[in-house]
Amino acid sequence: MTRMMEARGIHKSYGPVRVLEDVDFDLEAGEAHVVIGPNGAGKTTLFRCLSGESRIDGGTITLAGEDITGLAGWQRVKRGIGRSFQVARIFPDMSAFENLIVAIETRERVDKGLKSTFGLVAPRAAVRGEAEDLVVELGLEGRLDEPASTLSHGDKKRLELAMSLALKPKLLMLDEPTAGMSQSDRAEAVRLIAQVREKYGLTLLLTEHDMEVVFGLATRLTVLHHGAIIASGEPHKVRADARVREVYLGQH
Amino acid sequence: MIDYRRRMRANLAIAVIGLVLFAVFPLVANSGLVFLAGLVAVNIVFGLSWNLLFSGVGLLSFGHAMFFAGGAYAMAVVSLRLPDLPFAGGLLLGAMTGGIIALVFGYIALRRASGVYFAVLTLAFSELVHIVITKTTFLGRNDGLVGIPRPVINLGVASIDLTSALAYYYFIIVAMAVVAFALWSFQNSPAGRLIQAIRQDPVRTAFLGTDVRSWQLTAFVLSGTIAAFCGAVMVPFAQIASPEIAYWTVSTEPILFTLLGGAGHFWGPAVGAILFGAIDYATRALYGLSEITVGMLLLGVVLLMPGGLLGFLLSRRTAARRLTGSGKRVPMANAEKAT
């Protein structure tokens, strides 16, 4: 396997609180890597640091061999990272369809430069076609013209996933993709994520709380505790790790 | 599904109908009223340029007077000092002056501040421009620049004489209709959709791969350029550029237009500018009372019709349709966008 992302010696503090301490983190191309840990372990902070939402206080991050430590989030997206948020971020006053149009047009702008920006009023037929394909793939039919703010929680998550896929990323980062979902929605979300991972050949990086989701998706599992990695490897081995059982799984 | 072509035709129709109404106005009104109508036409686009920032990219500018005055003074200086330069050159220089001011100030302000701090910085910059104008002899200090001639546009085969106020009025309304429709087209293009996206969620937009700050700056420069163009067009009409147009009260005008007409609608500031012009005219005899009237009216609108006049009328229309069951049921957000 080739290495997709490599983080070395990551430090991150919020004021006096040290959230991440000297974290080394590897992500191989093609794996579905799930980061778990108790609340406050630093999962979301690690996620924010890797995606570029937060600046790190020390350490380096490389993506496919390129140093991206100093790059802002939008520059990392241009290099092939797509991400979702714990609480789905979508454009609330636009229709679901327009949300997708904006995502696709943004990717085109990255690919082709400004000439795709000053088009006519209607989105180009190719853009609309692509949006329609994504709608079908993610099962968003029927609610396209409603303002996105009126969508259900699950559909907002789905729409955000569709927007991230529209960017055609190499690496897709999902921050608690099933947070707040019902048990049946969870199973559906796992199926959907597995399906798009297969279809687009994505490398996945997830944080997750729900163990069924974790073991349903993960090809590799990393456990974070008090801002440090205590175990990382194949899911069944990590599950058997004594220290992991003690600090995390033992609570269940 | 959104019918983009229909939307485009509808808004082109609005621009044309507005143009026709302004064009027939001189047939029924005296020259004093026509002069006011010309200023209202300029104010419409001035308001639209401000709302490109506010409802477009989500920036609150409290200093739009600096752009308007920048364009106006550039035009005045060019007309008086370089009489041989074609009229279009003056307009271009005027618009560019606003663009450059916006680029310099926007670059500094957007690096340092957002939200209300950004608004306060624009106010401070605008005051700076006002003070510079009142202290610069070249710009006429407190007296301003007077006696600005109206142009004769030479097209080679023919020439268009705009030296009469009426002829220049027609030039204004055509120029403003074109700019207004161009602005509508921009706000509904891929770039306009992106700017909308930035207002609704800048973090999401950044994580689609967009450099949010440079697009905010682009919108700021575009807005400043258009506001300056308005100033440049206004100057030969009034034949004077006075420091009052750089005063902070001028910066509040596009805000008033937008709140009166409705910020959520592209044409809201246009409705507001016309309404404001009408109120201003109706209360002209009540010396010193016009500000109170405008203030009371604004208070009333904000409290009773938070969506502005246009928002109020459109929501009534949608409600009526729901009650009678006639026509297509349009969700509110779509009805707003369709206008």
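Tutor: Axes here are lines fitted to C-alpha atoms, for helices over the stretch in contact, and angles run from 0 to 180 degrees between N-to-C directions. The model is predicted.

Student: OK. At what angle do the axes of helix 3 and helix 5 of chain B cross?

Tutor: They cross at roughly 30°, and the axes come within 8 Å. Angles under 35 degrees count as roughly parallel, so helix 3 and helix 5 of chain B are roughly parallel to each other.

Student: Which residues meet there, helix 3 to helix 5 of chain B?

Tutor: From helix 3 of chain B, B:Ala65, B:Met66, B:Ala69, B:Gly70 and B:Tyr73; from helix 5 of chain B, B:Phe125, B:Ser126, B:Val129 and B:Ile133. By class, that contact has 7 nonpolar, 2 polar and no charged residues.

Student: Switching to the interface. How many residues of chain B are in contact with chain A?

Tutor: 26 residues of chain B, against 31 residues of chain A. Helices 1, 7, 8 and 14 of chain B each supply at least two residues of the chain B side.

Student: Which helix of chain B gives the most to that side?

Tutor: Helix 7 of chain B, with 7 residues.

Student: Why is helix 7 of chain B described as largely enclosed?

Tutor: Because 10 of its 11 residues are buried. Among them are B:Arg193, B:Gln196 and B:Gln200.

Student: And chain A, how is that divided?

Tutor: Into domain 1 (3-89 + 169-251) and domain 2 (91-150). Their centres, taken over C-alpha atoms, are separated by 28 Å.

How values were computed. Residues numbered from 1 in each chain as written. Chains lettered and ligands numbered in written order. Predicted model: local features only at pLDDT ≥ 70, side-chain atom pairs only at ≥ 80, totals over all residues. Buried ≥ 20, exposed ≤ 12 C-beta atoms within 10 Å, placed from the backbone. Helix = DSSP H or I, 4+ residues; strand = E, 2+ residues; numbered from the N terminus. Domains from an automatic or database assignment. Contact = placed C-beta atoms within 7 Å. Parallel < 35°, antiparallel > 145°, perpendicular 65-115°, else oblique. Nonpolar A, V, L, I, M, F, W, Y, C, P; charged D, E, K, R; others polar.
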